[in-house]
Amino acid sequence: MRFVMPFLFLLVVCIGCETLPTRPTAAEWHEKLQTVNLADGVSQSEAQIIGECYYAKYVGCGGFTGIRDGGDRWIVDGHIGLLAMPVQGFYIDKHSGKLVSPIGPSYENPLEIYP
């Protein structure tokens, strides 16, 4: 029994963190981010790209789940940590692209996530 508990703990730790079979490289994320045009505001699909890039760079254990409309901003939905705690207060301004994050650095220009 004393060997079962450590095994179960390791199993939970390994399952708790999402991993991708093949993760895009920084260069691939940079390329994807360069498709975002801030001059005309940020569309939902562009906010999706920004959110994905941010999670790829700054969130090792957690997951990006999507973008939803929050009026003058796009709200970034996701979770973090082994307990999949929802992230609150993470958004992208629809007009300027400014990204505000409670879990890592914020960006006036989200294209600088992967410069």
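The largest nonpolar core of this predicted model has 24 residues, and those with the most contacts inside it are Leu33, Ile50, Ile92, Leu99 and Ile113. A nonpolar core is here a set of buried Ala, Val, Leu, Ile, Met, Phe, Trp, Tyr and Cys residues joined through side-chain atoms within 4.5 Å, where buried stands for under 20% relative accessible area, exposed for over 50%, and partly exposed for what lies in between, computed with a 1.4 Å probe on protein chains only. At least two residues of this core come from each of α2 (26-33), α3 (44-58), β1 (62-69) and β2 (73-80), and α3 gives the most, with 6 residues. Leu33 touches Ile49, Ile50, Cys53, Pro110, Leu111, Ile113 and Tyr114, when residues up to four places away in sequence are not counted; a contact requires heavy atoms within 4.5 Å.

Because the model is predicted, local features need pLDDT of at least 70 and side-chain atom pairs count only at pLDDT 80 or more, whereas totals for chains, interfaces and linings use all residues. Residues are numbered from 1 along each chain as its sequence is written, and side-chain values use heavy atoms, with hydrogens and water left out.

**Overall fold**

The secondary structure of the protein chain comes to 3 helices and 5 strands, and along the sequence these follow the pattern α-α-α-β-β-β-β-β. Helices (H or I, at least four residues) and strands (E, at least two) are DSSP runs, numbered from the N terminus. Of the 115 residues of the protein chain, 33% count as buried, and the chain exposes about 7,100 Å², of which carbon and sulfur atoms supply 62%; these areas come from the Shrake-Rupley method with a 1.4 Å probe, and for residues only the protein chains shown count as cover. Among contacts between residues at least 6 apart in sequence, 40% join residues at least 24 apart.

**Strand pairing around β2**

Strands are taken as paired if DSSP finds at least two bridges between them. Strand β2 pairs with β1 in the antiparallel sense over 7 bridges, and within this pairing Gly66 has Asp77 as its bridge partner in β2. The hairpin of β1 and β2 has 3 residues between the strands, and Gly71 takes a positive phi near 85° there. Strand β2 is also joined to β4 by 3 bridges in an antiparallel arrangement, with Ile92 in β4 as the bridge partner of Trp74. A further 2 bridges join β2 to strand β3 (residues 85-86), again antiparallel, and His79 stands opposite Pro86 in β3. The hairpin formed by β2 and β3 has 4 residues between the strands, and Gly81 in the turn has a positive phi of about 85°.

**Salt bridges**

A search of the whole structure finds 5 salt bridges, each defined as a side-chain nitrogen of Lys or Arg within 4 Å of a carboxyl oxygen of Asp or Glu. The table includes some of them.

| Pair | N to O distance |
|---|---|
| Asp77 and Arg68 | 2.8 Å |
| Asp69 and Lys94 | 2.7 Å |
| Arg73 and Asp72 | 3.8 Å |

Asp69 lies in strand β1 and Lys94 in the loop between β4 (91-93) and β5 (99-100), so this pair ties together parts that are 25 residues apart in sequence. Is Lys94 buried or exposed? At 16% relative accessibility, Lys94 counts as buried. Arg68, by contrast, is partly exposed at 41%, and the two partners Arg73 and Asp72 are likewise partly exposed, at 30% for Arg73 and 43% for Asp72.

**Surface features**

A nonpolar surface patch of about 410 Å² is made by Ile80, Leu82, Leu83 and Met85. Patches are made of residues with over 30% relative accessible area and no salt bridge, with like charges joined within 9 Å and nonpolar side chains (Val, Leu, Ile, Met, Phe, Trp, Tyr) within 5 Å.

Arg23 is found in the loop between α1 (4-16) and α2, where Arg23 is exposed with a relative accessible area of 51%. Although Arg23 and Ala56 are 33 residues apart in sequence, their C-alpha atoms are 8.6 Å apart in space.
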